[in-house]
Structures are given as C-alpha cells and as structure tokens.
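Here are my notes on the model, as numbered points. Please read them alongside the coordinates.

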Protein chains: 2
Amino acid sequence: MEYQEAKEKFISTWGSLGSLWGINKAMAQIQALLFISTKPLSMEDIMEQLKISRGNTSMNLRQLMDWGIVTKELIPGERREYFTTEKDVQELARIIAKERSRREIKPVIKVLKDVSSIKNDKSAETKELIKQTKALHDLTENADKIINKLVNQEQNWMTKTIMKLFK
Amino acid sequence: MEYQEAKEKFISTWGSLGSLWGINKAMAQIQALLFISTKPLSMEDIMEQLKISRGNTSMNLRQLMDWGIVTKELIPGERREYFTTEKDVQELARIIAKERSRREIKPVIKVLKDVSSIKNDKSAETKELIKQTKALHDLTENADKIINKLVNQEQNWMTKTIMKLFK
DNA sequence: ATAAACTTTCACTAATTATTGAAAGTTTAA
DNA sequence: TTAAACTTTCAATAATTAGTGAAAGTTTAT
C-alpha cells in the first residue's frame with residue numbers, strides 16, 4: 001500500500017467511524033486529515049483534499065473547535081487562517097470522553113433519575129418501572145463517574161492503572 | 001410525574017439515546033418498552049404502544065434478537081409470539097459492549113493496523129501517517145482489550161473491581 | 001475610507017436512513 | 001388439505017440529516 005492509498009483509507013475509515021463517537025462524517029474526516037498532516041492546513045487545503053464545499057468546511061471546523069479538538073493557528077504574515085488538531089491520542093480521548101459525557105450521558109442520567117423517582121403506587125407496573133430505571137440510572141452514573149475520573153487524571157494515568165489491572 | 005408520563009419519557013429518552021450505542025430509534029424504543037414491561041409483549045402490543053407499523057416492528061425485533069438482547073417467549077396454548085428483553089442491566093451492558101466491539105471496533109483496528117504498516121519511505125508525510133495511526137491503533141486496541149476482558153468476566157466482577165479503584 | 005482577501009451564514013438541494021403497508025410466506029388447528 | 005392467524009419481506013415513500021454555494025459579514029492593508 002502506498003502513502004496516498006493509506007492516507008485515503010485512513011481518512012475514509014475514520015470518517016465513517018464518526019458515528020461511534022457522535023460526530024458526522026465530514027467533521028471526522030477533517031479531524032483525520034489534520035491528525036496526519038505535518039503542518040497546519042487552511043480551509044482551502046481542506047476543501048481541496050476532501051472535496052467538500054467551503055460552507056461545509058467552515059461549519060465543521062467550527063464544531064471541531066467547539067469540541068476543543070481543533071485550534072486556529074495564526075501564521076505570522078499570513079492573512080489566511082490555519083488549523084491544527086490535538087496530536088496526542090491520549091489527550092484526544094480525554095477530550096472526546098469528556099464532551100460525550102457532558103452532551104449525552106449527563107442529560108440521560110437526569111431523566112433516569114426523574115423517572116425512577118415517581119411516586120410508588122405499589123402497582124406491579126410502577127414497581128417494575130422504578131426498579132428497572134433505577135438499575136439503569138446506577139449503571140449509567142457509575143460509568144459516567146469512571147469516565148470523568150479518567151478524564152481528570154494526568155495524561156498516562158489511565159493507561160498505567162488499567163494496564164496493571166488487565167495485563 | 002405519573003406512571004404513564006414517566007413511562008413515555010423513559011421510552012422516548014432511551015429511543016433517542018439509541019445512537020449512543022449504535023442502534024436506531026425504533027429498535028431502542030422497543031427494547032425500552034420490553035425492559036419495563038412486567039410481562040412478555042406480542043407484536044400487536046408493541047405496535048400499538050409505540051404507534052409503529054407491523055413491518056417496522058418485525059424488522060426491529062429481528063435485529064434485537066440478532067444482537068441477543070431480545071428473545072422469543074412461547075406461551076403455551078397461544079398462537080401468537082411474545083417477546084422479552086434481558087432484564088439485568090449488567091448482562092445488557094455486556095452484550096452491547098461485546099457486539100459493538102465485534103461490529104465496529106475490530107474492523108477499525110484492522111484498518112489502522114494495515115495503514116500503519118505501509119512501507120516507510122522516510123518522507124515526513126509517511127513518517128507522520130505511520131506514527132499517528134500507530135498511536136491510534138494502540139489506543140483503540142487497548143480499549144477494545146479492556147472491553148472484552150470485562151465482557152468475559154462473571155456478572156459483577158466489573159462493578160466490584162472498578163468500584164474499588166474509583167471509590 | 002475602501003477594496004481585496006478571506007470567513008460565515010443559511011435557504012435550498014441532495015443523500016441517507018427509517019417507516020409504511022400490502023403481498024408473500026409460514027404455521028397450526030381442525 | 002385448507003383456511004385462518006399470524007410473521008416476514010421489500011418496493012415505495014417519508015423523515016431526517018448533511019452538503020452546497022452564493023450573498024452577507026469581517027478583517028486587514030493601503
């Protein structure tokens with residue numbers, strides 16, 4: 001496999017994987033492109049390499065910046081804006097985990113808490129609803145706590161700790 | 001909040017959360033409905049409660065069965081088929097984690113491995129591609145190993161072990 | 001101040017994904 | 001064996017989500 005083919009394969013795979021971490025294809029592809037680039041890229045560069053429109057590029061870059069994964073790089077003397085992504089995979093994982101927790105898991109935990117707190121009228125249906133949503137609430141909250149714990153540790157804590165456990 | 005409202009809120013939240021664990025809305029809603037039901041439900045019951053068509057119900061039930069989350073329950077003397085879902089949240093989490101690993105993570109690991117194994121021609125671009133995809137490969141593979149380790153333990157091992165770590 | 005160089009916004013269109021419902025298929029009881 | 005009771009399939013349609021491109025907005029150099 002040659003460089004160009006490998007590059008395209010990586011970008012396209014990473015793009016279709018976007019759904020796994022909750023972002024769209026173009027967003028994931030832009031991130032992938034920046035991730036393997038040796039230097040910051042302009043909007044023009046990104047548009048050209050991924051064959052997507054200016055508007056699409058602009059909106060997805062903004063979203064990536066909202067996530068905190070991509071940052072503007074101002075090159076002295078250059079009018080045009082350049083972009084880079086976080087290059088450290090551990091840090092990237094931390095950011096993604098944290099954002100997903102905030103955007104998706106936390107709101108669900110709230111609903112589960114509300115639902116499992118309804119008045120218990122002793123009917124079998126109500127009892128079951130409370131029991132099951134409570135179990136789900138506890139599981140989800142534990143998972144979220146773990147994520148946030150990981151996320152607030154220094155860089156390699158996760159790897160070190162978990163490797164000890166799972167070696 | 002009354003029973004009916006709580007039930008609807010739970011089903012709709014769980015449904016929109018489907019994307020988080022990689023399934024569609026109707027599929028997640030059917031699972032949610034079965035999860036809080038005190039007894040097995042027929043296709044008719046599900047269609048009526050969720051207001052979805054027969055075809056949709058049939059296809060999504062099949063998918064849930066493929067995942068191993070829902071099973072057919074044959075009630076003696078009844079012609080009609082009834083369905084139940086796994087009621088234990090730990091077991092449910094195990095099944096989901098295992099399936100996602102198999103369907104999504106494993107194939108990505110393979111691509112990352114292939115891409116990071118291209119011939120190193122010493123150009124800066126090739127070196128960067130190899131370095132970054134290798135880092136991603138290692139991270140993803142570790143995460144996947146952890147998941148599978150968890151998944152192959154008995155019921156409460158995960159909770160116990162991790163709670164010790166994160167208390 | 002102004003015009004060139006650039007970025008953002010957003011109404012429209014395209015692509016993708018989910019849903020329907022009717023026809024075909026299957027099973028069971030008599 | 002057949003017909004009623006049920007489930008599955010799948011082409012058509014609807015709903016949702018993503019992408020385009022041109023107009024509006026912003027910044028910078030002169």
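1. Residue classes and basis. In what follows, Ala, Val, Leu, Ile, Met, Phe, Trp, Tyr, Cys and Pro count as nonpolar, Asp, Glu, Lys and Arg as charged, and the others, Gly among them, as polar. This is a predicted model, in which local features need pLDDT of at least 70, side-chain atom pairs count only at pLDDT 80 or more, and totals for chains, interfaces and linings use all residues. Residues are numbered from 1 along each chain as its sequence is written, while chains are lettered from A and ligands numbered from 1 in the order in which they are written.

2. DNA strand D. The surface near this strand (a residue is near if its C-beta atom, placed from the backbone, lies within 6 Å) has 20 residues, and the closest are N24(A), S53(A), G55(A), N56(A) and G55(B). Two or more residues each come from α2 (25-35) and α4 (54-67) of chain A and from α4 (54-67) of chain B; helices (H or I, at least four residues) and strands (E, at least two) are DSSP runs, numbered from the N terminus. The most, six residues, come from α4(B). By class, the surface near DNA strand D has five nonpolar, seven polar and eight charged residues.

3. DNA strand C. At least two residues each are supplied by α4 of chain A and by α2 (25-35) and α4 of chain B. Here α4(A) gives the most, with six residues. The division by class is five nonpolar, seven polar and eight charged.

4. Chain A against chain B. Contact (C-beta atoms, placed from the backbone, within 7 Å) involves 35 residues of chain A and 35 residues of chain B. On the chain A side, α1 (3-16), α5 (89-116), α6 (124-151) and α7 (157-166) each give two or more residues. The most come from α6(A), with 13 residues. This side divides into 22 nonpolar, five polar and eight charged residues.

5. Sheet. In chain A, three strands form an open antiparallel sheet in the order β1-β3-β2; strands pair if DSSP finds at least two bridges between them. β1 (41-42) and β2 (70-73) of chain A stand at the edges with a single partner strand each, so one side of each has no neighbour in the sheet. Two bridges join β1(A) to β3 (residues 82-85) of chain A.

Key
Two residues are in contact if their C-beta atoms, placed from the backbone, lie within 7 Å.
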